[in-house]
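Please read them with the coordinates open.

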Amino acid sequence: MNNPWHLYVMALIYILAGIMHFVKPKVYLRIMPRYLPFHKELVLLSGVAEILLGIGLFFKETRTLASFGIITMLLVFLLVHFYMLSSEKASAGFPKWILWARLPLQILLIYWAYSYVIF
């Protein structure tokens with residue numbers, strides 16, 4: 001494959017992040033907004049989504065779909081980021097400055113995913 005190295009980095013980040021949903025589900029369960037149902041199922045489903053979308057980045061035929069899937073996923077995950085800012089308990093012990101710093105990071109990750117969309 002003749003793809004840029006940073007595409008592989010991005011794909012591996014999502015694959016590893018998805019695997020972590022199965023290795024350490026309690027970490028993700030702690031930050032699930034209370035208003036969402038089926039916490040365990042959503043954690044596992046988001047892990048599967050991250051793995052599949054990461055794999056999808058490797059192939060030209062699925063790269064655009066995977067990129068838009070990652071963008072959608074990151075937008076949905078903003079709900080979790082805002083929830084974590086809502087209270088001390090929801091923050092899961094993370095300092096407020098880290099929680100605030102994650103918001104612009106999400107925008108950068110969205111831009112990064114969009115850069116692989118093939119028109």
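**Notes on the model**

1. Start with Ile-70. Leaving out residues up to four places away in sequence, Ile-70 touches Met-10, Tyr-14, Leu-53, Leu-57 and Ala-113. Bear in mind that this is a predicted model.

2. The largest nonpolar core has 17 residues, and the members that touch the most others are Met-10, Tyr-14, Leu-57, Ile-70 and Leu-74. Helices α1 (5-23), α4 (60-85) and α5 (96-114) each contribute at least two residues to this core. Another core lies apart from it, with 8 residues, among them Leu-78, Leu-85, Ala-92 and Leu-103.

3. Which residues does Ile-51 touch, not counting those up to four places away in sequence? They are Tyr-14, Ile-15, Gly-18, Ile-19 and Phe-22. Ile-51 itself sits in helix α3.

4. Now the largest pocket. Its volume is about 930 Å³. The lining comprises 31 residues, and those nearest the centre are His-21, Tyr-28, Glu-50, Phe-77 and His-81. Two or more lining residues come from each of α1, α2 (25-30), α3 (39-56), α4 and α5. Helix α4 gives the largest share, 10 residues.

5. What is the make-up of that lining, in nonpolar, polar and charged residues? The lining of the largest pocket divides into 23 nonpolar, 6 polar and 2 charged residues. Anyone setting up a calculation there will want to look at the residues closest to the centre, which include His-21, Glu-50 and His-81.

6. Gln-106 deserves a look. This residue belongs to helix α5. Is Gln-106 buried or exposed? Gln-106 has a relative accessible area of 6%, so it is buried. Beyond four places in sequence, Gln-106 is in contact with Leu-74, Phe-77, Leu-78 and His-81.

7. The C-alpha atoms of Leu-105 and Gly-69 are 17 Å apart, and the two residues are separated by 36 residues along the chain.

8. Two backbone angles need checking. Most residues other than glycine have a negative phi. Phe-38 has a positive phi, near 50°, and is not a glycine. Phe-38 lies in the loop between α2 and α3. At 61% relative accessibility, Phe-38 is exposed.

9. The other case is Ala-92, with a positive phi of about 55°. Where is Ala-92 found? Ala-92 is in the loop between α4 and α5. Ala-92 has a relative accessible area of 15%; the cut-off for buried is under 20%, so Ala-92 is buried.

10. The chain ends come next. Asn-3 is in the segment before α1. With a relative accessible area of 19%, Asn-3 counts as buried. Aside from neighbours within four places in sequence, Asn-3 is in contact with Tyr-8, Phe-58 and Arg-63. Asn-3 and Ile-110 are 107 residues apart along the chain, and their C-alpha atoms are separated by 19 Å.

11. Phe-119 is in the segment after α5. Its relative accessible area is 81%, so Phe-119 is exposed. Phe-119 and Thr-64 are 55 residues apart in sequence, and 8.2 Å apart in space from C-alpha to C-alpha.

12. Last, the annotation. An unreviewed UniProt entry carries "transmembrane region" over residues 6-22, 42-59, 65-85 and 97-114. How does the model treat two of these spans? Residues 65-85 are 100% helix and 0% strand, with end C-alpha atoms 31 Å apart. Residues 97-114 are likewise 100% helix and 0% strand, and their end C-alpha atoms lie 26 Å apart.

Technical notes
Residues numbered from 1 in each chain as written. Predicted model: local features only at pLDDT ≥ 70, side-chain atom pairs only at ≥ 80, totals over all residues. Heavy atoms only, no water. Core = buried A, V, L, I, M, F, W, Y, C linked by side-chain atoms within 4.5 Å. Buried < 20%, exposed > 50% of the residue type's maximum accessible area, 1.4 Å probe, protein only. Helix = DSSP H or I, 4+ residues; strand = E, 2+ residues; numbered from the N terminus. Contact = heavy atoms within 4.5 Å. 1 Å grid on protein atoms, 1.4 Å probe; cavity = no way out; pocket = protein on both sides within 12 Å on 5 of 7 lines; lining within 4 Å. Points joined across faces, edges and corners; volume = space filled by probe spheres on them. Nonpolar A, V, L, I, M, F, W, Y, C, P; charged D, E, K, R; others polar. UniProt positions renumbered as here; feature names shortened; annotations may be inferred.
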